[in-house]
Amino acid sequence: MRRVPMRMRLPLAPATLQTAERGDAAAVEIRQGALDALCRLARAAGAGPGAAAVAFSGGLIAPGGPLRPLLLAECARLGIPVHGTAIDPCRGAIVLAASVS
């Protein structure tokens with residue numbers, strides 16, 4: 001099966017989340033896949049019990065975003081601490097780079 005380019009999938013995300021809220025099985029599976037992928041990414045970055053909090057950024061997962069409550073619940077279940085406020089990704093990268101140099 002051919003993969004659809006990300007630029008074509010992104011506009012569908014809000015509609016997929018709304019459809020998942022109504023209980024559509026395929027949309028729920030897509031939503032859970034996104035949550036799983038974000039948690040795997042956080043773990044790969046070193047997040048986990050006792051580690052520094054991870055900061056999620058982006059329209060769907062930023063504070064106030066429609067996917068954030070589910071992401072926070074999934075992270076809590078997995079013991080991944082999440083920074084509660086919005087952090088500018090560029091600023092976060094600078095802080096991270098300074099901490100390893």
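These are my notebook entries on what I looked up in this predicted model.

**Entry 1: the whole chain**

I began with the overall layout. The protein chain has five helices and zero strands, and from the N terminus on I read the elements as α-α-α-α-α. I then looked up the extent of the C-alpha trace, which spans about 45 × 30 × 30 Å along its principal axes.

Next I checked burial. Of the 101 residues in the protein chain, 23% are buried. The accessible surface comes to about 7100 Å², and carbon and sulfur atoms hold 64% of that.

I also looked up how far apart in sequence the contacting residues are. Among contacts with a separation of 6 or more, 55% join residues 24 or more positions apart.

**Entry 2: charges**

I noted 11 positive and 6 negative side chains in the protein chain. The centres of these two sets lie 6 Å apart. Side chains of opposite charge can pair when their charged atoms come close. How many salt bridges does a search of the whole structure find? I wrote down one.

**Entry 3**

The partners are E74 and R77, and their closest N and O atoms are 2.7 Å apart. I wanted to know where they sit in the helix. E74 and R77 are three residues apart in helix α4, so about one helical turn separates them. An α-helix has 3.6 residues a turn, so residues three or four places apart point the same way.

R77 is exposed, with a relative accessible area of 60%.

I then went through the rest of helix α4, which covers residues 68-78. Its buried residues are R68, L71, E74 and C75.

What covers the buried residues of α4? The cover includes α3.

**Entry 3: R31 in α3**

That sent me to helix α3, residues 25-44, where R31 lies. R31 is a charged residue that is buried yet has no salt bridge. Which side chain of opposite charge is nearest to R31? I found E21, at 5.7 Å. A salt bridge needs the nitrogen and oxygen within 4 Å.

I listed the contacts of R31 too, leaving out residues up to four places away in sequence. R31 touches L17, A20, E21, L67 and L70.

**Entry 4: P63 in the loop**

My last stop was the loop between α3 and α4, where P63 lies. With 39% relative accessibility, P63 counts as partly exposed.

Which residues does P63 contact, beyond its neighbours within four places in sequence? I wrote down R68, G84, T85 and A86. One of these, R68, is also among the buried residues of α4. As for T85, it is 22 residues from P63 along the chain, and the C-alpha atoms of the two are separated by 6.6 Å.

How values were computed
Residues are numbered from 1 along each chain as its sequence is written. This is a predicted model: local features need pLDDT of at least 70, side-chain atom pairs count only at pLDDT 80 or more; totals for chains, interfaces and linings use all residues. Side-chain values use heavy atoms; hydrogens and water are left out. Helices (H or I, at least four residues) and strands (E, at least two) are DSSP runs, numbered from the N terminus. Buried means under 20% relative accessible area, exposed over 50%, partly exposed in between (1.4 Å probe, protein chains only). Lys and Arg count as positive and Asp and Glu as negative; His and the chain ends are not counted. Contact means heavy atoms within 4.5 Å. Accessible areas come from the Shrake-Rupley method with a 1.4 Å probe; for residues, only the protein chains shown count as cover. The place of a charge is taken as NZ of Lys, CZ of Arg, CG of Asp or CD of Glu.
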